[in-house]
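Have the structure open beside you as you read.

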Amino acid sequence: MDIIKENIVRICDEIAEKLNFFVIDINFRGDNRKQIIEIFVDTEKNVDADNLAEISREINSKIEEQDFIQKAYRLDVSTPGVDRPLKFLKQFPKHINRNFEVTYKAGEETKTITGKLLSVEREELTFLSDKKELLIEFKNITTAKVIISFS
(Lines give C-alpha, C1' and ligand atoms only; values in the text may rest on other atoms or scores of the structure.)
Protein backbone atom coordinates (compact mmCIF):
# COMPACT_ATOMS: atom_id res chain seq x y z
CA MET A 1 0.00 0.00 0.00
CA ASP A 2 1.42 3.38 -0.92
CA ILE A 3 1.79 6.24 1.56
CA ILE A 4 -1.32 8.10 0.32
CA LYS A 5 -3.51 5.05 0.85
CA GLU A 6 -1.94 4.43 4.25
CA ASN A 7 -2.73 8.03 5.26
CA ILE A 8 -6.33 7.73 4.05
CA VAL A 9 -6.82 4.47 5.95
CA ARG A 10 -5.38 6.09 9.10
CA ILE A 11 -7.63 9.16 8.76
CA CYS A 12 -10.73 7.02 8.15
CA ASP A 13 -10.00 4.81 11.16
CA GLU A 14 -9.43 7.85 13.43
CA ILE A 15 -12.59 9.68 12.35
CA ALA A 16 -14.79 6.58 12.39
CA GLU A 17 -13.63 5.73 15.91
CA LYS A 18 -14.15 9.32 17.09
CA LEU A 19 -17.77 9.16 15.87
CA ASN A 20 -18.35 5.66 17.35
CA PHE A 21 -18.18 3.86 14.02
CA PHE A 22 -15.72 1.34 12.64
CA VAL A 23 -14.33 0.92 9.14
CA ILE A 24 -15.38 -2.29 7.41
CA ASP A 25 -13.49 -1.80 4.17
CA ILE A 26 -11.83 0.84 1.99
CA ASN A 27 -11.60 0.47 -1.80
CA PHE A 28 -9.46 2.60 -4.06
CA ARG A 29 -10.38 2.63 -7.73
CA GLY A 30 -10.40 4.96 -10.69
CA ASP A 31 -7.50 6.19 -12.77
CA ASN A 32 -4.83 8.92 -12.71
CA ARG A 33 -7.37 11.60 -13.64
CA LYS A 34 -9.87 10.83 -10.90
CA GLN A 35 -9.55 8.49 -7.99
CA ILE A 36 -12.61 7.08 -6.24
CA ILE A 37 -12.28 6.26 -2.58
CA GLU A 38 -15.07 4.05 -1.23
CA ILE A 39 -15.31 3.77 2.53
CA PHE A 40 -17.68 1.30 4.18
CA VAL A 41 -18.48 1.93 7.84
CA ASP A 42 -20.75 0.34 10.41
CA THR A 43 -21.67 0.80 14.04
CA GLU A 44 -23.31 -1.14 16.84
CA LYS A 45 -26.52 0.84 16.35
CA ASN A 46 -28.43 1.82 13.23
CA VAL A 47 -26.83 4.13 10.68
CA ASP A 48 -28.62 6.96 8.87
CA ALA A 49 -27.75 9.32 6.03
CA ASP A 50 -26.86 12.14 8.44
CA ASN A 51 -24.26 9.90 10.12
CA LEU A 52 -22.70 9.05 6.77
CA ALA A 53 -22.69 12.70 5.69
CA GLU A 54 -20.92 13.72 8.90
CA ILE A 55 -18.25 11.03 8.47
CA SER A 56 -17.78 12.04 4.83
CA ARG A 57 -17.41 15.74 5.71
CA GLU A 58 -14.86 15.04 8.42
CA ILE A 59 -12.77 12.68 6.30
CA ASN A 60 -12.87 15.05 3.33
CA SER A 61 -11.90 17.99 5.54
CA LYS A 62 -8.93 16.08 6.96
CA ILE A 63 -7.76 14.97 3.50
CA GLU A 64 -7.97 18.56 2.23
CA GLU A 65 -6.24 19.93 5.33
CA GLN A 66 -3.30 17.55 4.95
CA ASP A 67 -3.21 18.10 1.15
CA PHE A 68 -1.68 14.75 0.27
CA ILE A 69 -3.94 13.99 -2.71
CA GLN A 70 -2.84 16.19 -5.61
CA LYS A 71 -5.45 15.05 -8.14
CA ALA A 72 -9.22 15.01 -8.35
CA TYR A 73 -10.96 12.42 -6.25
CA ARG A 74 -14.42 11.41 -5.19
CA LEU A 75 -15.14 10.21 -1.67
CA ASP A 76 -18.05 7.79 -1.15
CA VAL A 77 -18.98 6.81 2.41
CA SER A 78 -21.66 4.20 2.94
CA THR A 79 -22.60 1.16 4.96
CA PRO A 80 -21.52 -2.21 3.64
CA GLY A 81 -25.12 -3.08 2.69
CA VAL A 82 -26.94 -6.31 3.27
CA ASP A 83 -25.16 -8.22 0.52
CA ARG A 84 -21.78 -8.11 2.24
CA PRO A 85 -20.94 -10.67 4.91
CA LEU A 86 -20.46 -9.36 8.44
CA LYS A 87 -16.76 -9.15 9.33
CA PHE A 88 -16.62 -8.10 12.98
CA LEU A 89 -18.27 -9.53 16.09
CA LYS A 90 -19.56 -6.09 17.07
CA GLN A 91 -21.71 -6.04 13.90
CA PHE A 92 -23.85 -8.98 15.08
CA PRO A 93 -25.88 -7.72 18.11
CA LYS A 94 -28.01 -5.30 16.09
CA HIS A 95 -29.05 -8.25 13.91
CA ILE A 96 -30.49 -10.39 16.74
CA ASN A 97 -33.75 -12.04 15.58
CA ARG A 98 -32.73 -11.81 11.94
CA ASN A 99 -32.08 -14.81 9.73
CA PHE A 100 -28.55 -15.61 8.62
CA GLU A 101 -26.67 -17.90 6.33
CA VAL A 102 -23.57 -18.91 8.26
CA THR A 103 -20.61 -20.95 7.12
CA TYR A 104 -18.35 -22.11 9.94
CA LYS A 105 -15.66 -24.58 10.86
CA ALA A 106 -16.69 -27.53 13.00
CA GLY A 107 -13.52 -29.49 13.65
CA GLU A 108 -12.18 -30.62 10.29
CA GLU A 109 -15.49 -29.93 8.54
CA THR A 110 -16.96 -26.76 7.10
CA LYS A 111 -20.70 -26.47 7.60
CA THR A 112 -23.32 -24.03 6.38
CA ILE A 113 -26.62 -23.35 8.15
CA THR A 114 -29.48 -20.96 7.82
CA GLY A 115 -30.99 -19.82 11.08
CA LYS A 116 -32.13 -16.99 13.29
CA LEU A 117 -29.55 -15.24 15.46
CA LEU A 118 -30.82 -15.55 19.04
CA SER A 119 -28.00 -14.05 21.08
CA VAL A 120 -24.42 -12.82 21.18
CA GLU A 121 -22.53 -13.37 24.41
CA ARG A 122 -18.82 -12.66 24.62
CA GLU A 123 -17.37 -14.47 21.56
CA GLU A 124 -20.29 -16.90 21.14
CA LEU A 125 -23.32 -16.61 18.88
CA THR A 126 -26.44 -18.71 19.29
CA PHE A 127 -28.54 -19.50 16.22
CA LEU A 128 -31.87 -21.31 15.94
CA SER A 129 -31.59 -23.67 12.98
CA ASP A 130 -33.93 -26.59 12.21
CA LYS A 131 -35.65 -26.05 15.60
CA LYS A 132 -32.36 -26.57 17.47
CA GLU A 133 -30.12 -24.01 19.13
CA LEU A 134 -26.58 -24.01 17.81
CA LEU A 135 -23.71 -22.24 19.56
CA ILE A 136 -20.91 -21.08 17.27
CA GLU A 137 -17.75 -19.32 18.40
CA PHE A 138 -17.12 -16.19 16.34
CA LYS A 139 -13.56 -17.33 15.51
CA ASN A 140 -15.02 -20.36 13.69
CA ILE A 141 -17.32 -18.36 11.42
CA THR A 142 -15.91 -18.00 7.92
CA THR A 143 -18.88 -16.09 6.43
CA ALA A 144 -22.12 -14.78 7.87
CA LYS A 145 -24.72 -12.95 5.80
CA VAL A 146 -28.04 -11.54 6.87
CA ILE A 147 -30.89 -13.02 4.84
CA ILE A 148 -33.33 -10.33 3.87
CA SER A 149 -36.99 -11.29 3.85
CA PHE A 150 -39.63 -9.19 2.09
CA SER A 151 -42.60 -10.99 3.63
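What follows covers confidence, the nonpolar cores and a surface patch.

This is a predicted model. The chain averages a pLDDT of 92, and 99% of the residues score at least 70. Within the chain, confidence is lowest in H1, with a mean of 91, and highest in strand S6 (residues 124-129), at 98.

Now to the inside. The largest nonpolar core has 21 residues, and those with the most contacts inside it are Ile37, Ile39, Val41, Ile59 and Ile63.

| Element | Residues |
|---|---|
| helix H1 | 3-18 |
| strand S1 | 22-30 |
| strand S2 | 34-42 |
| helix H2 | 49-66 |
| strand S3 | 72-78 |

H1 supplies the largest share of this core, with five residues. Which residues does Ile63 contact, leaving aside its neighbours within four places in sequence? They are Ile8, Ile11, Phe68, Ile69 and Tyr73. Another core, of 15 residues, lies apart from the largest one, and Leu89, Phe100, Ile113 and Val146 are among its members.

Finally, the surface. Val82, Ile148 and Phe150 form a nonpolar patch there, and together they have about 340 Å² of accessible area. Ile148 sits in the segment after strand S8 (141-146).

Note on methods. Residues are numbered from 1 along each chain as its sequence is written. This is a predicted model: local features need pLDDT of at least 70, side-chain atom pairs count only at pLDDT 80 or more; totals for chains, interfaces and linings use all residues. Side-chain values use heavy atoms; hydrogens and water are left out. Patches are made of residues with over 30% relative accessible area and no salt bridge: like charges are joined within 9 Å, nonpolar side chains (Val, Leu, Ile, Met, Phe, Trp, Tyr) within 5 Å. Accessible areas come from the Shrake-Rupley method with a 1.4 Å probe; for residues, only the protein chains shown count as cover. A salt bridge is a side-chain nitrogen of Lys or Arg within 4 Å of a carboxyl oxygen of Asp or Glu. Helices (H or I, at least four residues) and strands (E, at least two) are DSSP runs, numbered from the N terminus. A nonpolar core is a set of buried Ala, Val, Leu, Ile, Met, Phe, Trp, Tyr and Cys residues joined through side-chain atoms within 4.5 Å. Buried means under 20% relative accessible area, exposed over 50%, partly exposed in between (1.4 Å probe, protein chains only). Contact means heavy atoms within 4.5 Å. pLDDT is the predictor's confidence in each residue, from 0 to 100.
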